[in-house]
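Biologist: Please take a close look at a single part of this structure. What does it pack against, and how?

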Amino acid sequence: MTHETFAPHSGPLNIVSEGPSISPLKQGKTVSTAAIGPWRLVAGKLIRQKVAMVAGVIILLLYLIGLFAEFLAPSLPATSKPQYTYAPPQGLSFFVNKPDGSSEFNFHVKGYKVEIEKVALRRTFVVDDNKVVPIGFFVKGPAYKLWGLVPMNRHFIGPINPADPMYLLGADRLGRDVLTRLIYGTRISMSIGLVGVAMSLVLGVVLGSISGFYGGWVDTLIQRVIEVVSAMPTIPLWLGLAAAIPLTWSPVNVYFVITIIVSLLGWTSLAREVRGRFLALRGEDFVTAAKLDGSSEARLIFRHILPSLTSHILAVVTLAVPTMIVAETSLSFLGIGLKPPVVSWGVLLQDAQNIRTVATAPWLLIWPSLAVVVAVLSFNFFGDGLRDAADPYDN
């Protein structure tokens, strides 16, 4: 066996590095460590969805119409002119013909003339092309209080002479302007959806959070309550509760009671979704770290877990609003929801419950129904887009 001895290296040690070299940062250059927040990510994905953005603009316009209903409406919802019963819609025109054959700009609608049906011997209105009713913007009209506070008499659009008839969407059986009543109905129908969803949101988030966070017998009890409420038939329950409202109550009290009835069954699905997300997140590392840091249970729920569900909850709530609108419309259409003098889309549809009205004045059915369809579809499209944008697994 031979033994080899190694002498210590007395010279400088040269280390040869194989691979790409790393050059130092140049002077004046900084590295950005900023990260895009979750809300910016959701907003960026939502903007790229054109259908959802168009639906969002329509929803915003509907709420603006409801907010400024008094100013936008040409008249007052209770103003009736029996001499124009079931008057047909008038079309907007921009030019009038002068006697010399030329035309000049004149924003107007055509007036009416009365004809007698020879078979039914019934008086009917037809549009008279020879009568011109000038209209304008920001004209004086019936006095009102904006939001019940500010006295005003200016209307966004209306006849220059307040005594002239202007029924852009027709008139009902009492000679009331359908456009005015539709604008006022937008405020009630759209707001009842928000108020109802707000109540369902509180119940669903609170009970779902408690059920998913604590589990055990608390979870079992809450889930059995949800199953009992979900098993109840919706329409008969609404009918029974709405029929129990005293007839002597004021329209404001009836409005809030109908809101409670509509939201009574709308919280169960949200509670179950929140519970499922809590069950999935309560064992995550950030929750465990917050526990070890001494966070209370309330802080764990409302400061750590719930904020991570905010985008998902908003998407669910957006999809729940049209359900509330349809529920109010259905109850009011059946005559057990809101009643006159309150004006909503469902109340407007009460005038279209017989075939004679639909045959002689189809606009009483078309315009409120179209408003409901546009609102519901807009909320559904916007909710679908928001749900896809809030999905963390969607690329």
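Modeller: Start with V195, which lies in helix α4. Helices here are DSSP runs of H or I with at least four residues, and strands are E runs of at least two, numbered from the N terminus. The model is predicted, so local features need pLDDT of at least 70 and side-chain atom pairs pLDDT 80 or more, while totals for chains, interfaces and linings use all residues. Residues are numbered from 1 along each chain as its sequence is written, and side-chain values use heavy atoms, without hydrogens or water.

V195 counts as partly exposed because its relative accessibility is 31%. (Buried is under 20% relative accessible area, exposed over 50%, partly exposed in between, with a 1.4 Å probe and protein chains only.) Leaving aside neighbours within four places in sequence, V195 is in contact with Y255 and T259. Contact means heavy atoms within 4.5 Å.

Now the partner helix. The axes of α4 and α7 (residues 251-263) come within 9 Å and cross at roughly 55 degrees. Axes are lines fitted to C-alpha atoms, for helices over the stretch in contact, and angles run from 0 to 180 degrees between N-to-C directions. The two helices, α4 and α7, are therefore oblique to each other.

The axes of α2 (residues 50-67) and α4 are 8 Å apart, at an angle of about 115 degrees. That crossing is left-handed. L62, Y63, I65, G66 and L67 of α2 make the contact with I183, T186, R187, M190 and L194 of α4.

Last, the core. The largest nonpolar core has 72 residues, and I258, F278, L338 and W345 have the most contacts inside it. Such a core is a set of buried Ala, Val, Leu, Ile, Met, Phe, Trp, Tyr and Cys residues joined through side-chain atoms within 4.5 Å. Helix α4 (residues 178-214) gives the most to this core, eleven residues. Domain 1 (90-166) and domain 2 (181-390) both contribute, so the core lies between them. Those bounds come from an automatic or database domain assignment. W345 touches L182, G185, T186, S189 and M190, among others, not counting residues up to four places away in sequence.

Technical notes: Parallel < 35°, antiparallel > 145°, perpendicular 65-115°, else oblique. Left-handed = near helix turned anticlockwise from the far one by under 90°.
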